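Dear colleague,

I am passing on a structure for you to look at, followed by some notes on what was found in it. Please read the notes with the model open beside you.

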Amino acid sequence: MKLTEEPHRRLNPLTNEWVLVSPHRATRPWQGEVAKLQTTPQPAYDPSCYLCPGNERAGGIRNPRYASTFVFENDFAALKPDVTSERLDIENAELLVAETEPGICRVICFSPHHDLTLATMSVQDIEPVVHTWVGQFRELGGLDKINYVQIFENRGAMMGASNPHPHCQIWATASIPDAPSKELAAQSAYLQKRGRCLLCDYVGLEAKQELRIVSENDAFVALVPFWAIWPFELLICSRRHLKDMTELTHEETRCLSEILQHVTSTYDKVFGVPFPYSMGLHQAPTDGQKHSEWHFHAHFYPPLLRSATIRKFMVGFEMLGTPQRDITPEIAAERLRELAVTKR
Ligand SMILES: [Zn+2]
Ligand SMILES: [Zn+2]
Ligand SMILES: [Zn+2]
């Protein structure tokens with residue numbers, strides 16, 4: 001089988017789902033290319049931003065004049081902590097089933113500066129962000145009710161981010177959400193079958209092939225996974241088998257900050273605009289189990305396809321069948337790798 005020419009499907013061993021790859025379609029004429037987006041530069045402080053230091057948020061709470069990172073409970077939380085555990089199965093038919101979901105939603109501002117992003121922050125300024133992630137994971141994951149802590153960043157209006165101020169969210173839940181549940185099952189099955197860690201083995205293979213690696217340092221590797229769905233999707237994996245970020249050494253914290261800065265600034269060079277994405281940290285569940293199967297990693301899912309304004313849509317066959325991509329993960333990796341080494 002020629003992975004560079006023939007339509008084929010690839011397995012995502014982390015979720016046991018497939019992606020259809022149609023490399024022959026990538027040679028279609030580039031249609032609808034739009035001129036570069038005019039992006040208005042942001043001010044360092046925006047008096048109307050509810051995340052800037054000293055400003056008032058919805059509900060009248062005023063932010064402190066914070067100097068580094070700042071964490072607060074989401075004013076429009078999707079989850080509430082004080083919900084009693086209950087399950088409903090209407091007429092016991094297993095068809096109309098509902099459960100309560102206790103949880104906590106917080107917001108983390110990365111910096112007091114409204115105009116920065118992970119891509120434009122210095123590695124030294126990203127380190128406190130990583131420390132804050134670790135502290136929040138430890139605190140929320142340590143709560144009895146919380147069995148999973150999801151830290152994620154939505155960047156750009158295209159991804160629904162309502163505010164350009166650099167920030168991320170934490171949704172900590174009683175249940176383990178669907179995406180990490182699938183990864184938990186796959187990593188557990190792999191460990192049971194082979195007595196080894198799925199992602200340790202995968203990173204080892206990718207390091208040998210080098211085809212899909214975009215950026216790497218002593219502690220982390222960023223690559224376009226073999227099974228990537230989004231055009232410029234990235235997976236960041238720790239080289240050492242860590243189940244969550246509380247196991248990061250001082251040096252690994254610096255390396256993680258560095259690779260985050262490197263991949264986000266590389267993204268911004270793809271179409272010459274701040275690159276929208278959803279990024280998430282996948283750490284082991286905090287349900288009191290050992291989780292020796294889990295390998296800490298981060299996903300970047302950027303929607304842009306051919307220009308600053310042309311995004312990939314997950315519609316039609318993708319919605320009803322399986323996701324599909326045209327440019328191969330190898331070509332996307334090559335493009336990102338070229339940009340990763342060039343100066344801006
Ligand atoms: Zn702001
Ligand atoms: Zn591992
Ligand atoms: Zn994951």
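Helix α4 and helix α6 are roughly perpendicular to each other, a term used for angles of 65 to 115 degrees (under 35 degrees counts as roughly parallel, over 145 as roughly antiparallel, and the rest as oblique). The axes of α4 (residues 250–270) and α6 (residues 329–341) come within 9 Å and cross at roughly 105°, where axes are lines fitted to C-alpha atoms over the stretch in contact and angles run from 0 to 180 degrees between N-to-C directions. In this contact (heavy atoms within 4.5 Å), H262, T266, Y267, K269 and V270 of α4 meet R335, L336, L339 and A340 of α6.

Before going further, please keep in mind that this is a predicted model, in which local features need pLDDT of at least 70 and side-chain atom pairs count only at pLDDT 80 or more, while totals for chains, interfaces and linings use all residues. Residues are numbered from 1 along each chain as its sequence is written, chains are lettered from A and ligands numbered from 1 in the order in which they are written, and side-chain values use heavy atoms, with hydrogens and water left out. Helices (DSSP runs of H or I, at least four residues) and strands (runs of E, at least two) are numbered from the N terminus.

On the α2 side A186, Q187 and Y190 take part, and they meet L198, L199 and D201 in α3.

C197 counts as buried because its relative accessibility is 10%, whereas C200, at 28%, counts as partly exposed (buried is under 20% relative accessible area, exposed over 50%, partly exposed in between, with a 1.4 Å probe and protein chains only).

The zinc ion (ligand 3) is coordinated at 2.0 to 2.2 Å by two OE atoms of E183 together with H282 (ND1), H297 (NE2) and H299 (NE2). H282 lies in strand β12 (residues 277–282) and H299 in strand β13 (residues 297–301), so the pair ties together parts that are 17 residues apart in sequence. Both H282 and H299 are buried.

Among the strands, β10 (residues 220–223) pairs in the antiparallel sense with β9 (residues 213–216) over three bridges and with β11 (residues 234–238) over four, pairing being assigned if DSSP finds at least two bridges between two strands. A hairpin of three residues joins β9 to β10, E216 has V221 as its bridge partner, and F220 has S238. From β10, F220 and A222 point one way and V221 and L223 the other, and all are buried.

Best regards

Note on methods. Donors = N, O, S within 2.8 Å, 3.2 Å for Na, K, Ca; no water.
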